[in-house]
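User: I would like to learn how to read aromatic pairs, a helix face and a nonpolar core. Please take them one at a time.

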Amino acid sequence: MTARPNPSTSGRGARSTRRGRGPGAAPHPSGHRIEPASEPVEGSPVAASVSEWRYGEHVTRAPEAGGRNDLPSDLAREISSSLRGRSLAVMLYGSQARGSAQPDSDVDILQVVPSGSGSYRRGRVAVTAYTAAHLHQMAIQGSLFILHLIVDGVVIEDEHGVIESALVAYTPPPSYESLRVALREAAAALLVDDLELRDHLEGIGRLGIYLLRTDLYASAAAAGRPQFDADVAAGIEDAELLCILRMRRLPRLKESDVHAIQAKLASVFRVSPSGEQLTDAAVRLAASNPHASGLITQAISKNVVMDYNAFPLPPL
């Protein structure tokens, strides 16, 4: 089966490839096969089953029509029993797909649905559900989430080629500056006083970690080396940041944890407290920066799972 070239690279040396099944393919810890790029690029990630990425040129290896990737039976059952409603397509991404999962790692799932987008959780399975139209819009606007799927994703089910179409439609953005502005605005809003911090402790802490992770991902993508393993992206140069990013695995955050997160936000984004309450900041930014406003609203909502669908396009 020959993959279709990406429209974003057609006319610029786009190529088709075949999914190799030869002895050079290495087994993936989840039971999939990882295949090295035919022309390896130093520092580039090796994508699992679905794609390989080169900045300015990426080759999509589309799943075979109606095909499934075999998962370990216990993981497949766990995912299947966690999904709500009808699925047009399902994809595993994140640490479970990369093979870098820890015992307490989530199972991150993309579910493409006919309608009713949203995010939900069942046990350790965290599901982000999008309609096909929303997913395609994200792809053509250069969403980091779509790039994450390209780099790390493993298709479980895509009978109608919905995920394939989105991956093929992905177009890298000219820059990530507008995203960074939204992250910076949201980071400043999280530097609230202790009274409001205690009212929204988990929301502020979780969103703060999310902002720091996303900034790392955007920096890596802008440098042409997409990396969605936060621990790897943080590296060993910033032990403090690495410690904060690992707080995402804690079942509950303490006030001292969130103080550390606030301090890191102020340092990384070079912001200072605005003196506004979170609700006031969300309202003020609703017109000028709806993406930042949507992010801040997540800190107020106390959602267990960050609802990416609440963000105006393009989401992170």
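User: How many aromatic pairs does a search of the whole structure find?

Analyst: Rings of Phe, Tyr and Trp (its six-membered ring) pair if their centres lie within 6.5 Å; planes under 30 degrees apart count as stacked, over 60 as edge-to-face and the rest as tilted. Searching the whole structure gives three such pairs. In Tyr-93 and Phe-145 the ring centres are 5.4 Å apart and the planes stand at 90 degrees, so this pair is edge-to-face. The model is predicted: local features need pLDDT of at least 70, side-chain atom pairs count only at pLDDT 80 or more, and totals for chains, interfaces and linings use all residues. Residues are numbered from 1 along each chain as its sequence is written, and side-chain values use heavy atoms, leaving out hydrogens and water.

User: Where in the chain do Tyr-93 and Phe-145 sit?

Analyst: Helices (H or I, at least four residues) and strands (E, at least two) are DSSP runs, numbered from the N terminus. Tyr-93 is in strand β5 and Phe-145 in helix α4 (residues 144-152), 52 residues apart, so the pair links distant parts of the chain. Tyr-93, Tyr-130 and Phe-145 form one aromatic cluster.

User: Is Tyr-93 buried or exposed?

Analyst: Buried means under 20% relative accessible area, exposed over 50%, partly exposed in between (1.4 Å probe, protein chains only). Tyr-93 has 5%, so it is buried.

User: Which residues of helix α1 are buried?

Analyst: An α-helix has 3.6 residues a turn, so residues three or four places apart point the same way. In α1 (residues 73-82), the buried ones are Leu-75, Ile-79 and Ser-82. Down the axis of α1 they fall within an arc of 70 degrees (taken from the directions from the helix axis to the C-beta atoms), so they line one face. Arg-77 and Ser-80, on the other side of α1, are exposed.

User: Which residues touch the most other members of the largest nonpolar core?

Analyst: Nonpolar side chains tend to be buried together in soluble globular proteins. A nonpolar core is a set of buried Ala, Val, Leu, Ile, Met, Phe, Trp, Tyr and Cys residues joined through side-chain atoms within 4.5 Å. The largest one here has 69 residues, and Leu-110, Leu-144, Ile-146, Leu-211 and Leu-265 touch the most other members. Helix α8 (residues 201-222) supplies the largest share of this core, eleven residues. A second, separate core has 14 residues, among them Leu-83 and Ile-109.
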